[in-house]
Amino acid sequence: MTEESFEPKIVGFLCNWCSYAGADLAGTSRTKYKPNVRVIRVMCSGRVDPLFVLKAFEKGADGVLIAGCHPGDCHYMSGNYKTRRRMELMRRMLEQFGINPERLRLEWVSAAEGARFAHVVNDMTEKIRELGPSPINGGATDE
Amino acid sequence: MGVAVYICHCGVNIAKTVDVKKVVEEIEKMPEVTICRDYQYMCSDPGQELVKKDINKYQPSSVVIAACSPRMHYPTFQGTLKEAKMNPYCLEMANIREQCSWVHEDKERATEKAISLVKSAVAKAALLEPLIENEVPVTPAALVIGGGIAGIQSALDIAEAGYKVYLVEREPSIGGHMAQFDKTFPTLDCAACILTPKMVDVARHPNIELRAYSEVEDISGYIGNFKVKIRKKPRYVSEEHCVACGDCATECRLADRIPNEFDHNLSKRSAIYVPFPQAVPLKYTIDPDRCLMITRGKCGKSPKCVDACSANAIDFEQKEEVEEVEVGTIVVATGYSEFDPAQKPELHFNDLGNVLTGLQFERIFAPNGPTSGELVINGKVPKKIAFASCTGSRDKRVGNPYCSRVCCMYIAKQAHLVKEHIPDADVSVYYCDVRAFGKGYEEFYERVQKEGVHYRRGLISEVYEEDGRVHVRGEDSLMAEPFDEGVDLLVLGTGIIPNADSNEMGQLLHISNSSDGFYLEAHPKLRPVDTVTDGIFLAGCAQGPKDIPDTVAQAGAAAAHVIDVLSKGKITIEPYNAVVDTDLCGGCRICESLCPFDAHHFNEEKGVMEINDTLCKGCGVCGAACPAGAISLNHFRDTQIFAQIGAVLND
Ligand SMILES: Cc1cc2nc3c(=O)[nH]c(=O)nc-3n(C[C@H](O)[C@H](O)[C@H](O)COP(=O)(O)OP(=O)(O)OC[C@H]3O[C@@H](n4cnc5c(N)ncnc54)[C@H](O)[C@@H]3O)c2cc1C
Ligand code: SF4
Ligand code: SF4
Ligand code: FES
């Protein structure tokens, strides 16, 4: 697979209240971004079970994005803090599976940050493109 | 059986970028799908009819609508399902507009993404289960936070509809900023004449419980059932006994020694005071930061106010009181603060005597103000006056990129009032654009120009003092020439900023702030007074800068929403809650401490966790943490999400 033709597959878990609304705002503002992220809506970023992330990589995702409300803004007060704490664990898990933890990203996107959502998607798509396909998809082993 | 799928064109909104026919072709192939159709506008009447007919004919177990965001139309299509006697939670939407056709340009890749999103929705829909909504009764009362014109209007409207209102105002009196004005643009209505009767109505209304000099300390619960803690600060004056004669203030040892914040420090008051003579409630208050008895424990031989008060109303033993009330809805009407020009050092606001802010100048014209309404500055009648528009607005350097929406007009009003007081005064307005957008505004702006007020295009870049005069310097961008004028008075068109505690309050209320710091409405066009938290509404400048007409309109709209909720008597709560499988639960109690709403209760007897349906908000934090996989989240079950993951990755 050449660099050019590799289109990363990214699964995005977005919390309903901020990040999903932020992604909607990118739409209403007609802000263009790369079509590589497939969004799965959850009520809160805190809902994202580490197993979801593993499952996504197992099924062939090249990257996983978790996006939630900014610290302090979680609709359920503290869900995003729990997600943040869980990130370390998830990164270590991925390393054990030989998956570069950089393929997993946590971002805060508020309901007012449509442009930021677009930026995060574009940036992440390019970073994952640089990393190449996930080892599970037959890419070279991540260091 | 199976899933019925509908792909919306949304006119050309979706169809222009997504090949709808191709999506239908691909989706039809899915074994779960019973029927797949496309239609111009799914949300229209014929669109919804189509779904209803199919439901009757095919009896699908669930429905997928691929259209706009579920945040927009999920409730609409739930209604469609309900009308067809189907459980409204057997519905999934694929967002192929906001998150696909509107954000991508390459038709092929957008179509590919749309197919993937619809597949994901179908995969989830096939596993959806009927859910029963929880119904909870609504407490027939409202809380209004902030007693400016917005809060006053909302409170009166709600009270008139027959519901109880707790109106919480943190200052000693209601009235807000409007109480500080003499006239209002563009009609030059006397502010007091239109405001004070409403303030009195608030005090008199049998359905309004006024809590002045109070603050909201804590809010818990949800729409229909909020619990609110209100902290009433001690006035150290018995409201019951005080007759507002004012003898205490005259006698106070600190009389005329304390800067009066109501006059923006242009006058002095006593340590015991009412902010203004028309205050509601008209009760004296002791300033705890200044009063000698409170700060030093001693005021001469005996406190002069106590000696002066023939009603025996002074009570230094008074303590703050915390009261808990229950309400069904909340209106946030906390208003705004004024931009502090000290943030722009080039204006030398604090070092020069003859520079005033917009609100200070309002006080100069007020009959109850520091000069009793006479236009006198530091003992002199100014003859040459300059106004500087956009002070702290449309100014990225101070972090306020937005327009404050009232300064152009209040400058026009104040310039007019100057001309009225001193017809031969030389009045110039330094502006960069004049925004006279409201009804009657452009006409008023023209009138003021005809009255001889000079408008000069060019912002003031520097202010300095020379020969006892304030000099303003800058460049006239129309004449392309620099200006440097000595004036007797410079008035800054200070902008509107969010209150310092707006983030803190936002967190307390679980509502969001937009990037400018004001509270964020649920939708900028269609839901301008709702917040993301059901049951909490916005009114007035708390939501963003606006003039009094817009404030009052929004306050009325917020009240209508409140009345709508309260009049229903009950509300349904989305049944997205967490459920414990007691066979799987090992009783580790990890979930318990994670829940932000204390919804977990450990059943010691059975050794398993239980979750309270009404307290659980369905965030899913506990479900993600349970090591035994014992907790599932209705409508967001692990299996449903796994199915979505599989579908988007073409598995
Ligand atoms: C210099 C100037 C001149 C103006 N002139 C005009 C004019 O001529 N015509 C016009 O249409 N508009 C004018 N405006 C705009 C006008 O002031 C606003 O439209 C109006 O005051 C908004 O009302 P409000 O109730 O939203 O806010 P506010 O008037 O700010 O009232 C908010 C109230 O909430 C209280 N509060 C705040 N936080 C809390 C809390 N946490 N708990 C409890 N209470 C709280 C405050 O003490 C205050 O009483 C002017 C503005 C300025 C700056
Ligand atoms: S975390 Fe899971 S196993 Fe542990 S108590 Fe809670 S529900 Fe039971
Ligand atoms: S889903 Fe969230 S709110 Fe509900 S019980 Fe679990 S942690 Fe508490
Ligand atoms: S609701 Fe957005 S992170 Fe919790």
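Three salt bridges are counted between chain A and chain B in this predicted model. One of these pairs the side chains of Arg38(A) and Glu112(B), with a nitrogen-to-oxygen distance of 4.0 Å. On the side of chain A that touches chain B, two or more residues come from each of β1 (10-15), α1 (19-28), β2 (37-42), α2 (50-58) and α3 (79-96) of chain A. Of these elements, α1(A) makes the largest contribution to that side, with seven residues. Classified by residue type, the side of chain A that touches chain B comprises 24 nonpolar, 14 charged and 11 polar residues.

Contacts link 49 residues of chain A with 46 residues of chain B. About 4500 Å² is buried between the two chains, and carbon and sulfur atoms account for 61% of this area. Within chain A, the greatest losses of area to chain B fall on Arg38(A), Arg41(A) and Arg47(A), which together make up 16% of the area buried on that side.

Attention then turned to the ligand. Ligand 1 is surrounded by 36 residues, and the closest of them are Glu169(B), His177(B), Lys413(B), Lys546(B) and Ile548(B). By class, the shell around ligand 1 contains 15 nonpolar, 12 polar and nine charged residues. Several secondary-structure elements of chain B each contribute at least two residues to this shell: the helices α6 (149-160), α11 (358-365), α12 (407-421) and α15 (548-568), together with the strands β7 (164-169) and β8 (183-184).

Polar backbone atoms of chain B also approach ligand 1. For Lys546(B), one of the closest residues, a polar backbone atom lies 2.7 Å from an oxygen atom of the ligand. A ligand oxygen atom is likewise found 2.9 Å from a backbone N or O atom of Cys541(B). At Arg170(B), the distance between a polar backbone atom and a nitrogen atom of ligand 1 is 3.2 Å. On its own, ligand 1 has 1000 Å² of accessible area, of which the protein covers 97%.

How values were computed
Residues are numbered from 1 along each chain as its sequence is written. Chains are lettered from A and ligands numbered from 1 in the order in which they are written. This is a predicted model: local features need pLDDT of at least 70, side-chain atom pairs count only at pLDDT 80 or more; totals for chains, interfaces and linings use all residues. Side-chain values use heavy atoms; hydrogens and water are left out. A residue is near a molecule or strand if one of its heavy atoms lies within 4 Å of it. A polar contact is a pair of N or O atoms within 3.5 Å; within protein, one must be able to donate a hydrogen and the other to accept it, and residues adjacent in sequence count only if both atoms are side-chain atoms. Accessible areas come from the Shrake-Rupley method with a 1.4 Å probe; for residues, only the protein chains shown count as cover. Helices (H or I, at least four residues) and strands (E, at least two) are DSSP runs, numbered from the N terminus. Ala, Val, Leu, Ile, Met, Phe, Trp, Tyr, Cys and Pro count as nonpolar, Asp, Glu, Lys and Arg as charged, and the others, Gly among them, as polar. Contact means heavy atoms within 4.5 Å. Buried area is the accessible area (1.4 Å probe) that two parts lose on being put together, summed over both.
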